[in-house]
Amino acid sequence: MDQIDNFHRAAALKTPTGLGEEAVKDISAAATALLADVFALYIKTKNFHWHMSGPNFRSYHLLLDAHGEELFAITDPLAERVRKLGGTTLRSIGDIARQQRIADNDAEYVHPHEMLAELREDNGVVIAKMRALHELCDEYRDVATASLLENWIDQGEMRVWFLFETLRSTNG
C-alpha cells in the first residue's frame, strides 16, 4: 500500500514535458542547486544591505537593495521552470542550506569594501553556474530554460560590473 501511495504522490507532481527523463533529472537538479545559490546570494546581499555603514552608506545601501530585488526576482521563475520541466525543487530553508554553494557570511562586522568585493566574487560564481546550466540546456535542447538564463547572466554581469567599478572608485 505504501508503494502505491508513493507512486501516486510522485505521479501527482509529474508534469508532462517534451524533454526526456534524463534531461528533466539533470536540468532540474542543476537548476535547483542554482536556485539555492541565488537564495543564498540574495540573503547575503540583504545582510550586507542591512548592515552597511560608513561615508558611502546611502549609495551602497541603495545599490545592494537593487541587487537584492534582481536576485529575488529570479527565484520564482527559476523554481517554476523546474516544475514546468516535470522536476521538483526546493522545499525549505534547510533544503537551500544543503544545496547552496555560496558561502554564508555571519560575521559581526564586515568592512563595506569587503562586502562589495565578496558580492562581486559571489555574483561571478552564480554567473558561472548559470553558464554551466545553459550548456546543459543546450545539450538537451531546452531552449526555454536557456533563454531565461541568458537574461539572468546579463543581469549578473551588470551587478559584477557595478560592484567592480564601485570598488575601483574607492581604491583610487
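One term before we start: when I say contact, I mean heavy atoms within 4.5 Å. And some housekeeping. This is a predicted model, where local features need pLDDT of at least 70 and side-chain atom pairs count only at pLDDT 80 or more, while totals for chains, interfaces and linings use all residues. Residues are numbered from 1 along each chain as its sequence is written, and side-chain values use heavy atoms, with hydrogens and water left out.

Okay, let's begin with M130. Which residues does M130 touch, if we leave aside its neighbours within four places in sequence? The list is L34, I74, L149, W152 and I153.

I'll be talking about a nonpolar core, which is a set of buried Ala, Val, Leu, Ile, Met, Phe, Trp, Tyr and Cys residues joined through side-chain atoms within 4.5 Å. Buried here is under 20% relative accessible area, exposed is over 50%, and partly exposed is in between, using a 1.4 Å probe and protein chains only. The largest such core has 42 residues, and M130 is among those with the most contacts inside it, along with I27, L34 and L133. Two or more residues each come from α2 (21-50), α3 (57-85), α5 (112-140) and α6 (143-170). The biggest giver is α2, with twelve residues. By the way, helices are DSSP runs of H or I with at least four residues, strands are runs of E with at least two, and they're numbered from the N terminus.

How long is it? The expected span of a helix is 1.5 Å times one less than its number of residues. For α2 that should give 44 Å, and its end C-alpha atoms are 43 Å apart, which agrees. Then there's α3, with 29 residues: from first C-alpha to last it reaches 42 Å, close to the 42 Å expected. Just after α3, G86 takes a positive phi of about 105°.

Next, the aromatics. Rings of Phe, Tyr and Trp (its six-membered ring) pair if their centres lie within 6.5 Å; planes under 30 degrees apart are stacked, over 60 edge-to-face, and the rest tilted. How many aromatic pairs does the structure hold? Two. In one of them, the rings of Y42 and F72 have centres 5.2 Å apart and planes at 40°, so that pair is tilted. Y42 sits in helix α2 and F72 in helix α3, so the pair ties together parts that are 30 residues apart in sequence. The other pair is W161 and F162, with centres 5.4 Å apart and planes at 90°, so we call it edge-to-face. W161 is partly exposed at 48% relative accessibility, and F162 is partly exposed too, at 38%. Going back to F72, that residue is partly exposed, at 46%.

Now for some arginines. Take R159, in helix α6. Is R159 buried or exposed? Buried, at 1% relative accessibility. For its partners I need polar contacts: pairs of N or O atoms within 3.5 Å, where within protein one must be able to donate a hydrogen and the other to accept it, and residues adjacent in sequence count only if both atoms are side-chain atoms. The R159 side chain makes one with the side chain of E70, at 2.8 Å, and another with the side chain of N123, at 2.6 Å.

R81, in helix α3, is buried as well, with a relative accessible area of 14%. Beyond residues up to four places away in sequence, R81 touches D142, A144, T145 and L148. R81 and A144 are 63 residues apart in sequence but 8.6 Å apart in space, C-alpha to C-alpha.

R101 is in the loop between α4 (93-99) and α5, and its side chain reaches the backbone oxygen of A33 at 3.5 Å. R101 is partly exposed, at 39%.

Last one: R141, in the loop between α5 and α6. R141 is exposed, with a relative accessible area of 71%. Most residues other than glycine have a negative phi. R141 isn't a glycine, yet has a positive phi of about 65°.
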